[in-house]
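Please look at the sequence and the structure first.

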Amino acid sequence: MGSEKERFITEQYVPTGEPLSQNDHTIVYKVKCMAQPGKPDGIMKMYRKKNLASLYTRLKQLNYSEWPHIYDVKYFDENTLIVEEYLSGHTLAELMNHNKAKGVTFSEEEAYDIMDKLCEAIEQLSKLQPPIIHHNLKPSNIFITSTGTVKLLDFIPAYSKKKKPFGSLLNLLGAIFHEMLTGNSPKNGKCTYKGRYEPVIHKCIEKNPDRQYASMQQLHEDLDYAKTHKPEAAPLQTVGIPYFLTYPFQGTILAFEWILLSFFYTKDDWNTMCLFVVIFLFHSVIFALRRHAFMKENKVWLSTARKAFPVLLLAALLAGLFWVISFFFI
(Lines give C-alpha, C1' and ligand atoms only; values in the text may rest on other atoms or scores of the structure.)
Protein backbone atom coordinates (compact mmCIF):
# COMPACT_ATOMS: atom_id res chain seq x y z
CA MET A 1 0.00 0.00 0.00
CA GLY A 2 1.14 3.49 -0.73
CA SER A 3 1.56 6.22 1.82
CA GLU A 4 -1.34 8.39 2.95
CA LYS A 5 -0.07 11.17 0.70
CA GLU A 6 0.09 8.86 -2.33
CA ARG A 7 -3.42 7.55 -1.70
CA PHE A 8 -4.67 11.11 -1.24
CA ILE A 9 -3.32 12.19 -4.63
CA THR A 10 -3.75 9.03 -6.71
CA GLU A 11 -6.95 7.54 -5.30
CA GLN A 12 -9.01 10.17 -3.47
CA TYR A 13 -8.33 13.27 -5.57
CA VAL A 14 -6.96 12.41 -8.99
CA PRO A 15 -5.36 15.11 -11.19
CA THR A 16 -6.99 15.27 -14.62
CA GLY A 17 -4.08 16.84 -16.50
CA GLU A 18 -1.14 19.20 -16.33
CA PRO A 19 -1.05 21.88 -13.60
CA LEU A 20 -3.37 24.84 -14.19
CA SER A 21 -0.76 27.13 -12.67
CA GLN A 22 2.41 26.91 -10.62
CA ASN A 23 5.12 29.07 -9.13
CA ASP A 24 7.66 28.90 -6.31
CA HIS A 25 4.89 28.99 -3.69
CA THR A 26 1.93 27.06 -5.09
CA ILE A 27 0.91 24.48 -7.66
CA VAL A 28 -2.72 24.05 -8.76
CA TYR A 29 -4.38 21.05 -10.41
CA LYS A 30 -7.88 20.29 -11.56
CA VAL A 31 -8.86 16.97 -9.98
CA LYS A 32 -11.63 14.41 -9.94
CA CYS A 33 -12.86 14.13 -6.35
CA MET A 34 -13.27 10.34 -6.04
CA ALA A 35 -13.72 10.63 -2.27
CA GLN A 36 -16.76 12.92 -2.59
CA PRO A 37 -20.36 11.91 -3.35
CA GLY A 38 -20.99 12.15 -7.07
CA LYS A 39 -17.25 12.46 -7.78
CA PRO A 40 -17.36 16.18 -8.65
CA ASP A 41 -14.55 18.14 -10.24
CA GLY A 42 -12.38 20.08 -7.83
CA ILE A 43 -9.25 22.15 -7.48
CA MET A 44 -6.23 20.88 -5.55
CA LYS A 45 -3.78 23.51 -4.35
CA MET A 46 -0.44 22.67 -2.81
CA TYR A 47 1.13 25.47 -0.79
CA ARG A 48 4.85 24.78 -0.58
CA LYS A 49 6.58 25.13 2.78
CA LYS A 50 3.46 26.58 4.42
CA ASN A 51 1.27 25.15 7.13
CA LEU A 52 -2.22 26.45 6.38
CA ALA A 53 -3.98 23.38 7.73
CA SER A 54 -5.42 25.09 10.81
CA LEU A 55 -6.86 28.04 8.87
CA TYR A 56 -8.37 25.94 6.09
CA THR A 57 -9.72 23.34 8.49
CA ARG A 58 -11.66 26.14 10.16
CA LEU A 59 -12.86 27.42 6.77
CA LYS A 60 -13.99 23.88 5.92
CA GLN A 61 -15.92 23.55 9.17
CA LEU A 62 -17.63 26.93 8.72
CA ASN A 63 -18.53 26.18 5.09
CA TYR A 64 -19.70 29.72 4.37
CA SER A 65 -20.61 31.01 0.92
CA GLU A 66 -17.85 33.64 0.93
CA TRP A 67 -15.27 31.12 -0.31
CA PRO A 68 -15.30 27.87 -2.33
CA HIS A 69 -16.59 24.79 -0.51
CA ILE A 70 -13.55 22.97 0.90
CA TYR A 71 -13.56 19.19 0.48
CA ASP A 72 -10.35 18.25 2.26
CA VAL A 73 -7.24 19.63 3.97
CA LYS A 74 -3.98 17.74 4.54
CA TYR A 75 -0.49 18.69 5.70
CA PHE A 76 2.28 16.54 4.25
CA ASP A 77 6.05 17.12 4.31
CA GLU A 78 5.74 20.81 5.24
CA ASN A 79 3.30 21.36 2.36
CA THR A 80 -0.42 22.04 2.70
CA LEU A 81 -2.79 20.29 0.28
CA ILE A 82 -6.24 21.83 -0.07
CA VAL A 83 -9.04 20.45 -2.23
CA GLU A 84 -11.97 22.75 -2.92
CA GLU A 85 -14.89 22.93 -5.32
CA TYR A 86 -14.26 23.77 -8.95
CA LEU A 87 -15.80 27.16 -9.71
CA SER A 88 -17.13 28.22 -13.09
CA GLY A 89 -16.37 31.84 -13.84
CA HIS A 90 -13.43 34.23 -13.77
CA THR A 91 -11.29 36.14 -11.31
CA LEU A 92 -11.82 39.87 -11.10
CA ALA A 93 -8.30 40.34 -12.48
CA GLU A 94 -9.22 38.32 -15.57
CA LEU A 95 -12.38 40.36 -16.09
CA MET A 96 -10.45 43.62 -15.70
CA ASN A 97 -7.83 42.51 -18.22
CA HIS A 98 -10.57 41.46 -20.64
CA ASN A 99 -12.20 44.89 -20.33
CA LYS A 100 -8.88 46.68 -20.89
CA ALA A 101 -8.23 44.64 -24.03
CA LYS A 102 -11.64 45.75 -25.37
CA GLY A 103 -11.17 49.35 -24.20
CA VAL A 104 -14.22 49.28 -21.91
CA THR A 105 -14.91 49.40 -18.17
CA PHE A 106 -17.50 47.95 -15.84
CA SER A 107 -20.74 49.89 -15.78
CA GLU A 108 -21.62 51.58 -12.50
CA GLU A 109 -24.27 48.93 -11.91
CA GLU A 110 -21.83 46.06 -12.54
CA ALA A 111 -19.09 47.61 -10.39
CA TYR A 112 -21.56 48.29 -7.57
CA ASP A 113 -22.84 44.72 -7.66
CA ILE A 114 -19.33 43.28 -7.30
CA MET A 115 -18.28 45.83 -4.68
CA ASP A 116 -21.48 45.30 -2.69
CA LYS A 117 -20.96 41.54 -2.53
CA LEU A 118 -17.27 41.95 -1.76
CA CYS A 119 -18.00 44.29 1.16
CA GLU A 120 -20.71 41.93 2.41
CA ALA A 121 -18.27 38.99 2.37
CA ILE A 122 -15.55 40.91 4.21
CA GLU A 123 -18.07 42.27 6.72
CA GLN A 124 -19.48 38.81 7.47
CA LEU A 125 -16.02 37.31 7.95
CA SER A 126 -15.06 40.12 10.32
CA LYS A 127 -18.06 39.30 12.55
CA LEU A 128 -16.92 35.74 13.22
CA GLN A 129 -15.35 34.90 16.57
CA PRO A 130 -12.47 35.01 16.16
CA PRO A 131 -12.78 37.04 12.97
CA ILE A 132 -11.30 35.83 9.68
CA ILE A 133 -9.36 38.50 7.83
CA HIS A 134 -8.26 37.98 4.24
CA HIS A 135 -4.64 39.12 4.27
CA ASN A 136 -4.04 38.35 0.61
CA LEU A 137 -6.90 40.29 -0.98
CA LYS A 138 -6.34 41.37 -4.59
CA PRO A 139 -8.26 41.13 -7.90
CA SER A 140 -6.71 37.76 -8.73
CA ASN A 141 -8.07 36.37 -5.44
CA ILE A 142 -11.61 37.67 -6.00
CA PHE A 143 -13.66 35.19 -8.04
CA ILE A 144 -16.90 36.01 -9.85
CA THR A 145 -18.85 32.84 -10.58
CA SER A 146 -20.95 32.35 -13.71
CA THR A 147 -24.04 33.05 -11.55
CA GLY A 148 -22.60 36.35 -10.25
CA THR A 149 -21.58 35.16 -6.78
CA VAL A 150 -18.42 36.69 -5.34
CA LYS A 151 -15.97 34.26 -3.71
CA LEU A 152 -12.67 34.97 -1.94
CA LEU A 153 -9.69 32.78 -2.82
CA ASP A 154 -6.31 31.98 -1.25
CA PHE A 155 -6.63 32.95 2.38
CA ILE A 156 -3.41 33.20 4.35
CA PRO A 157 -2.87 33.48 8.11
CA ALA A 158 -2.09 36.84 9.68
CA TYR A 159 1.68 36.54 9.55
CA SER A 160 3.19 39.67 11.09
CA LYS A 161 4.86 40.71 7.85
CA LYS A 162 1.65 40.14 5.90
CA LYS A 163 -0.84 41.68 8.30
CA LYS A 164 -2.30 44.94 7.10
CA PRO A 165 -4.25 47.55 9.07
CA PHE A 166 -7.88 48.30 8.24
CA GLY A 167 -6.85 51.51 6.48
CA SER A 168 -4.75 49.54 3.99
CA LEU A 169 -7.70 47.26 3.29
CA LEU A 170 -9.85 50.34 2.57
CA ASN A 171 -7.15 51.73 0.25
CA LEU A 172 -7.15 48.45 -1.63
CA LEU A 173 -10.94 48.28 -1.91
CA GLY A 174 -11.06 51.89 -3.13
CA ALA A 175 -8.38 51.18 -5.73
CA ILE A 176 -10.22 48.07 -6.95
CA PHE A 177 -13.52 49.98 -7.19
CA HIS A 178 -11.79 52.83 -9.03
CA GLU A 179 -10.16 50.46 -11.52
CA MET A 180 -13.45 48.70 -12.23
CA LEU A 181 -15.07 52.06 -13.07
CA THR A 182 -12.20 53.72 -14.95
CA GLY A 183 -9.87 50.94 -16.06
CA ASN A 184 -7.02 52.44 -14.05
CA SER A 185 -5.85 52.65 -10.46
CA PRO A 186 -6.05 56.07 -8.74
CA LYS A 187 -3.23 58.27 -10.07
CA ASN A 188 -0.86 59.28 -7.27
CA GLY A 189 -3.54 58.35 -4.76
CA LYS A 190 -6.08 60.70 -6.39
CA CYS A 191 -9.50 59.69 -7.67
CA THR A 192 -10.06 60.44 -11.37
CA TYR A 193 -13.53 58.85 -11.50
CA LYS A 194 -16.46 61.27 -11.64
CA GLY A 195 -19.81 59.80 -10.74
CA ARG A 196 -22.17 58.76 -7.97
CA TYR A 197 -19.55 56.62 -6.18
CA GLU A 198 -16.81 59.27 -6.17
CA PRO A 199 -17.28 60.17 -2.44
CA VAL A 200 -17.03 56.48 -1.51
CA ILE A 201 -13.76 56.04 -3.38
CA HIS A 202 -12.34 59.28 -1.96
CA LYS A 203 -13.05 58.11 1.59
CA CYS A 204 -11.51 54.68 0.92
CA ILE A 205 -8.23 55.95 -0.55
CA GLU A 206 -7.92 58.82 1.95
CA LYS A 207 -4.49 58.69 3.62
CA ASN A 208 -5.64 60.34 6.84
CA PRO A 209 -7.15 57.56 9.04
CA ASP A 210 -9.45 60.09 10.72
CA ARG A 211 -11.14 60.76 7.37
CA GLN A 212 -11.47 57.13 6.36
CA TYR A 213 -14.31 54.77 7.14
CA ALA A 214 -14.25 53.52 10.71
CA SER A 215 -15.83 50.18 9.80
CA MET A 216 -16.81 48.04 6.86
CA GLN A 217 -20.45 48.65 7.79
CA GLN A 218 -20.05 52.40 7.19
CA LEU A 219 -18.53 51.73 3.77
CA HIS A 220 -21.35 49.36 2.92
CA GLU A 221 -23.99 51.89 3.99
CA ASP A 222 -22.43 54.70 1.92
CA LEU A 223 -22.19 52.37 -1.06
CA ASP A 224 -25.91 51.60 -0.83
CA TYR A 225 -26.78 55.28 -0.31
CA ALA A 226 -24.78 56.32 -3.38
CA LYS A 227 -26.61 53.75 -5.49
CA THR A 228 -30.07 55.04 -4.61
CA HIS A 229 -29.34 58.78 -4.56
CA LYS A 230 -28.31 60.81 -7.58
CA PRO A 231 -25.16 62.86 -6.98
CA GLU A 232 -25.78 66.56 -6.56
CA ALA A 233 -24.77 68.64 -9.53
CA ALA A 234 -21.48 70.40 -8.92
CA PRO A 235 -22.11 74.10 -8.29
CA LEU A 236 -20.81 76.55 -10.85
CA GLN A 237 -17.79 77.93 -9.07
CA THR A 238 -16.76 81.43 -10.07
CA VAL A 239 -15.51 82.89 -6.82
CA GLY A 240 -11.74 83.00 -6.81
CA ILE A 241 -11.38 82.74 -10.60
CA PRO A 242 -9.00 85.50 -11.82
CA TYR A 243 -10.82 88.11 -13.88
CA PHE A 244 -8.69 87.45 -16.97
CA LEU A 245 -9.95 83.84 -16.92
CA THR A 246 -13.64 84.75 -16.75
CA TYR A 247 -15.91 84.35 -19.75
CA PRO A 248 -16.89 88.06 -19.84
CA PHE A 249 -13.24 89.18 -20.10
CA GLN A 250 -12.22 86.52 -22.62
CA GLY A 251 -15.44 86.92 -24.58
CA THR A 252 -14.91 90.69 -24.89
CA ILE A 253 -11.36 90.21 -26.22
CA LEU A 254 -12.45 87.56 -28.71
CA ALA A 255 -15.51 89.57 -29.82
CA PHE A 256 -13.35 92.67 -30.49
CA GLU A 257 -10.89 90.60 -32.56
CA TRP A 258 -13.81 89.01 -34.40
CA ILE A 259 -15.25 92.43 -35.27
CA LEU A 260 -11.92 93.49 -36.80
CA LEU A 261 -11.60 90.15 -38.59
CA SER A 262 -15.12 90.50 -40.02
CA PHE A 263 -14.55 94.13 -41.02
CA PHE A 264 -11.41 93.40 -43.04
CA TYR A 265 -13.19 90.43 -44.60
CA THR A 266 -15.92 92.71 -45.92
CA LYS A 267 -13.22 95.04 -47.31
CA ASP A 268 -11.46 92.15 -49.06
CA ASP A 269 -8.28 92.96 -47.13
CA TRP A 270 -7.18 89.33 -46.94
CA ASN A 271 -3.73 89.93 -45.45
CA THR A 272 -5.05 91.86 -42.48
CA MET A 273 -7.98 89.47 -42.09
CA CYS A 274 -5.64 86.46 -41.96
CA LEU A 275 -3.57 88.22 -39.31
CA PHE A 276 -6.64 88.61 -37.10
CA VAL A 277 -7.67 85.00 -37.80
CA VAL A 278 -4.34 83.87 -36.38
CA ILE A 279 -4.66 86.20 -33.39
CA PHE A 280 -8.25 85.08 -32.75
CA LEU A 281 -7.39 81.35 -32.88
CA PHE A 282 -4.27 81.85 -30.76
CA HIS A 283 -6.19 83.63 -28.01
CA SER A 284 -9.02 81.07 -28.17
CA VAL A 285 -6.61 78.18 -27.56
CA ILE A 286 -4.68 80.02 -24.83
CA PHE A 287 -7.88 80.97 -23.01
CA ALA A 288 -9.21 77.39 -23.18
CA LEU A 289 -5.95 75.85 -21.92
CA ARG A 290 -5.54 78.34 -19.07
CA ARG A 291 -9.14 77.87 -17.91
CA HIS A 292 -8.77 74.09 -18.05
CA ALA A 293 -5.52 74.18 -16.04
CA PHE A 294 -7.07 76.48 -13.42
CA MET A 295 -10.21 74.33 -13.06
CA LYS A 296 -8.17 71.14 -12.76
CA GLU A 297 -5.77 72.64 -10.19
CA ASN A 298 -8.65 73.91 -8.07
CA LYS A 299 -10.76 70.75 -8.59
CA VAL A 300 -13.66 72.62 -10.18
CA TRP A 301 -15.63 70.01 -12.12
CA LEU A 302 -18.45 71.20 -14.40
CA SER A 303 -20.92 69.16 -16.38
CA THR A 304 -20.62 68.98 -20.16
CA ALA A 305 -23.69 71.22 -20.51
CA ARG A 306 -22.16 73.92 -18.30
CA LYS A 307 -18.93 73.78 -20.26
CA ALA A 308 -20.70 73.93 -23.62
CA PHE A 309 -23.25 76.68 -22.86
CA PRO A 310 -20.87 79.70 -22.75
CA VAL A 311 -19.06 78.42 -25.84
CA LEU A 312 -22.34 78.13 -27.77
CA LEU A 313 -23.43 81.55 -26.50
CA LEU A 314 -20.16 83.10 -27.70
CA ALA A 315 -20.50 81.36 -31.07
CA ALA A 316 -24.03 82.81 -31.43
CA LEU A 317 -22.75 86.29 -30.50
CA LEU A 318 -19.91 86.09 -33.05
CA ALA A 319 -22.33 84.93 -35.76
CA GLY A 320 -24.58 87.89 -34.98
CA LEU A 321 -21.67 90.36 -35.10
CA PHE A 322 -20.53 88.97 -38.44
CA TRP A 323 -24.05 89.37 -39.87
CA VAL A 324 -24.35 92.96 -38.59
CA ILE A 325 -20.97 93.99 -40.02
CA SER A 326 -21.67 92.28 -43.34
CA PHE A 327 -25.07 94.01 -43.53
CA PHE A 328 -23.68 97.53 -42.98
CA PHE A 329 -20.38 97.35 -44.85
CA ILE A 330 -21.15 95.29 -47.91
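## Helix α3 and its cover

In helix α3 (residues 92–102), the buried residues are L92, A93, M96 and N99. Helices here are DSSP runs of H or I with at least four residues, strands are DSSP runs of E with at least two, and both are numbered from the N terminus. Buried means under 20% relative accessible area, exposed means over 50%, and partly exposed lies in between, with a 1.4 Å probe and protein chains only.

Why do these four residues sit on the same side of α3? They cover an arc of only 125 degrees around the axis, so they share one side of α3. The arc is that of the directions from the helix axis to the C-beta atoms. An α-helix has 3.6 residues a turn, so residues three or four places apart point the same way.

The face of α3 turned away from the buried side carries A101 and K102, which are exposed. What covers the buried residues? The cover includes β7 (89–91), α4 (108–126), β8 (142–145) and α5 (166–182). After α3 comes G103, with a positive phi near 75 degrees.

The model is predicted: local features need pLDDT of at least 70, side-chain atom pairs count only at pLDDT 80 or more, and totals for chains, interfaces and linings use all residues. Residues are numbered from 1 along each chain as its sequence is written, and side-chain values use heavy atoms, with hydrogens and water left out.

## The chain as a whole

The chain has ten helices and nine strands. Its radius of gyration is 30 Å, well over the 20 Å that the globule rule gives for 330 residues, so the chain is more spread out than a compact globule. The radius is taken over C-alpha atoms, and the rule is 2.2 Å times the number of residues to the power 0.38. Along the principal axes, the C-alpha atoms fill a box of roughly 110 × 45 × 35 Å.

Of the 330 residues, 37% count as buried. Contact means heavy atoms within 4.5 Å. Among contacts with a separation of 6 or more, 59% come from residues 24 or more positions apart.

The chain exposes about 19,600 Å², and carbon and sulfur atoms supply 58% of that area. Accessible areas come from the Shrake-Rupley method with a 1.4 Å probe; for residues, only the protein chains shown count as cover.

There are 38 positive and 33 negative side chains, and the centres of the two sets lie 3 Å apart. Lys and Arg count as positive, Asp and Glu as negative; His and the chain ends are not counted. Each charge is placed at NZ of Lys, CZ of Arg, CG of Asp or CD of Glu.

## Backbone features in loops

Q129 and P130 are joined by a cis peptide bond, with omega about -10 degrees. P130 is in the loop between α4 and β8.

N63 has a positive phi near 50 degrees and is not a glycine. The residue is in the loop between α2 (53–62) and β5 (70–76). N63 counts as partly exposed, at 41% relative accessibility.

D77 also has a positive phi, about 50 degrees, although it is not a glycine. The loop between β5 and β6 (79–85) holds D77. At 56% relative accessibility, D77 counts as exposed.

## Single residues and their partners

Is N141 buried or exposed? At 3% relative accessibility, N141 counts as buried. N141 lies in the loop between α4 and β8. Not counting residues up to four places away in sequence, N141 touches H134, N136, K151, L152, L153 and D154.

D224 is found in helix α7 (residues 216–228). Its relative accessibility is 31%, which counts as partly exposed. Neighbours within four places in sequence aside, D224 is in contact with Y112 and D116.

L275 lies in helix α9 (residues 270–297) and is partly exposed at 48% relative accessibility. K267 sits in the loop between α8 (247–266) and α9. K267 is partly exposed too, with a relative accessible area of 45%.

| Pair | Residues apart along the chain | C-alpha separation |
|---|---|---|
| L275 and L261 | 14 residues | 8.3 Å |
| K267 and S326 | 59 residues | 9.7 Å |
| D224 and Y112 | 112 residues | 8.7 Å |
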